[in-house]
Amino acid sequence: MASEDFQHSSVMPKEALECLAPRPGEVFVDGTVGGGGHARLILEATAPDGRLIGLDRDREALAAAGRGLATFGDRVLLRHGNFADIDRVLEELGVDVVDGILLDLGVSSFQLDTARRGFSFQTDAPLDMRMDTSGGTTAADAVNFLPPEELARIFRDYGEERHARRIARRIEKVRAEAPLLTTRELAELVRDAVPGGRVPARIHPATRVFQALRIYVNAELDSLRDGLRRAMAVLRPGGRLVVISFHSLEDRIVKQFFRAAVQTCTCPPGLPVCVCGRKPEAVLLTRKGLRATDLEVATNPRARSAVLRAIRRL
């Protein structure tokens with residue numbers, strides 16, 4: 001399900017394809033093309049003349065997708081960029097509307113497993129965490145230069161870390177003597193800062209802090225909000241939008257956006273007739289978020305936290 005050198009297993013490919021319902025000749029956008037696993041399935045289903053536009057912030061992912069999807073020739077158009085800019089990319093390509101959009105959120109297996117990217121504390125590496133390494137703030141920039149109050153907010157809001165202030169204060173103290181530059185340094189600091197951090201546990205005490213920093217560095221939640229809004233704007237009537245999220249913050253944004261898109265009248269209950277005139281923009285294709293099967297989780301443990309939601313534009 002992925003280009004050989006990228007090493008990323010696409011999550012819930014069967015469920016995603018069923019919701020996207022691709023047909024020959026249709027045009028799709030994979031806003032997080034990664035190694036090209038989902039994209040390949042879409043291209044096969046839209047043969048012989050369907051097209052796929054693939055976006056990714058990670059140039060290494062984009063290069064892997066280009067190699068893995070080369071056999072589809074000019075049916076594939078790959079662009080480096082954030083899916084939040086989907087409308088601008090389509091405008092540059094001369095595409096007005098598309099038949100379906102897939103957003104597979106979060107960090108890829110490749111990014112997690114490539115030590116030099118700094119997404120994981122399993123091996124020691126520079127504190128980077130950028131999906132687009134061509135520029136922007138790194139995780140090291142954040143922990144060494146942000147005020148402790150801002151760090152605490154990031155850990156609390158993006159990582160739901162209950163010891164956020166304690167960790168931020170420890171960072172402030174340590175960085176005053178020497179900057180924090182590696183994943184192991186930060187992970188050990190968190191382990192020492194939280195109560196019981198040295199007691200063996202199923203989840204490493206630094207997990208939420210690393211998630212929070214990654215979300216902050218890549219502005220993931222803002223990108224998601226913008227991307228959902230702009231994706232709806234470029235879907236043709238009947239077009240499908242499928243989003244796979246991997247933690248509660250992402251899923252909450254998707255769920256709320258979809259709920260608003262399918263909402264009808266917003267008038268107060270006491271009014272005898274509707275005066276707001278609101279019409280739904282879409283219908284839900286998934287009443288509840290879909291989860292990966294036990295079989296898939298057994299072969300790809302990172303699918304355990306995935307939630308898939310889908311809507312169809314009216």
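Predicted model: local features only at pLDDT ≥ 70, side-chain atom pairs only at ≥ 80, totals over all residues.
1. Gly31 counts as buried, because its relative accessibility is 2%, and, leaving out residues up to four places away in sequence, it touches Leu55, Asp56, Phe83, Leu102 and Leu103. Cys267 is 236 residues from Gly31 along the chain, and the C-alpha atoms of the two are separated by 35 Å.

2. On the overall division of the chain, the domain assignment gives a domain 1 made of 13-110, 220-263 and 271-313, and a domain 2 that covers 120-218. The C-alpha centres of domain 1 and domain 2 are 30 Å apart, and the contact between them involves 14 residues of domain 1 and 10 residues of domain 2.

3. The largest nonpolar core has 62 residues, and those with the most contacts inside it are Ile101, Phe155, Ile167, Ile171, Leu186, Leu228 and Leu241. Since domain 1 and domain 2 both give residues to this core, it lies between them. Apart from this core there is another, of 26 residues, including Cys19, Phe28, Val33 and Val76. As general background, nonpolar side chains in soluble globular proteins tend to be buried together.

4. Phe155 deserves a separate look, as one of the residues with the most contacts inside the largest core. When residues up to four places away in sequence are not counted, Phe155 touches Glu160, Glu161, Ala164, Ile167, Ala168, Ile171, Val209, Ala212 and Leu213. Of these partners, Ile167 and Ile171 are likewise listed among the residues with the most contacts inside that core.

5. How do α9 and α10 pack against each other? Helix α9, residues 183-193, and helix α10, residues 207-217, pack at an angle of about 130°, with their axes 9 Å apart. On the side of α9 the meeting residues are Thr183, Leu186, Ala187 and Val190, and on the side of α10 they are Val209, Phe210 and Leu213. By type, the residues of this contact divide into six nonpolar, one polar and no charged.

6. Within α9 the buried residues are Thr183, Leu186, Ala187, Leu189, Val190, Arg191 and Ala193, and what covers them includes α6 (139-145), α8 (164-175) and α10. Thr183 also takes part in a contact with Thr123, a residue placed in the loop between α5 (109-113) and α6. Thr123 is partly exposed, with a relative accessible area of 41%, and, its neighbours within four places in sequence aside, it is in contact with Ala115, Thr183 and Arg184. Thr123 and Asp294 are 171 residues apart in sequence, with a C-alpha to C-alpha distance of 29 Å.

7. Met12, which is not a glycine, has a positive phi of about 45°; Met12 is found in the segment before α1 (13-20) and is buried, with a relative accessible area of 0%. Ala21, also not a glycine, has a positive phi of about 45°, but Ala21 is partly exposed, at a relative accessible area of 31%, and lies in the loop between α1 and β1 (27-30). A cis peptide bond, with omega about 10°, joins Ala47 and Pro48, and Pro48 is found in the loop between α2 (37-45) and β2 (51-56).

8. Leaving aside neighbours within four places in sequence, Glu26 is in contact with Ala21, Thr46, Gly50, Arg51, Asp99, Arg236 and Arg240.

Notes. Residues numbered from 1 in each chain as written. Heavy atoms only, no water. Axes fitted to C-alpha atoms, helices over the stretch in contact; angles between N-to-C directions. Helix = DSSP H or I, 4+ residues; strand = E, 2+ residues; numbered from the N terminus. Contact = heavy atoms within 4.5 Å. Nonpolar A, V, L, I, M, F, W, Y, C, P; charged D, E, K, R; others polar. Core = buried A, V, L, I, M, F, W, Y, C linked by side-chain atoms within 4.5 Å. Buried < 20%, exposed > 50% of the residue type's maximum accessible area, 1.4 Å probe, protein only. Domains from an automatic or database assignment.
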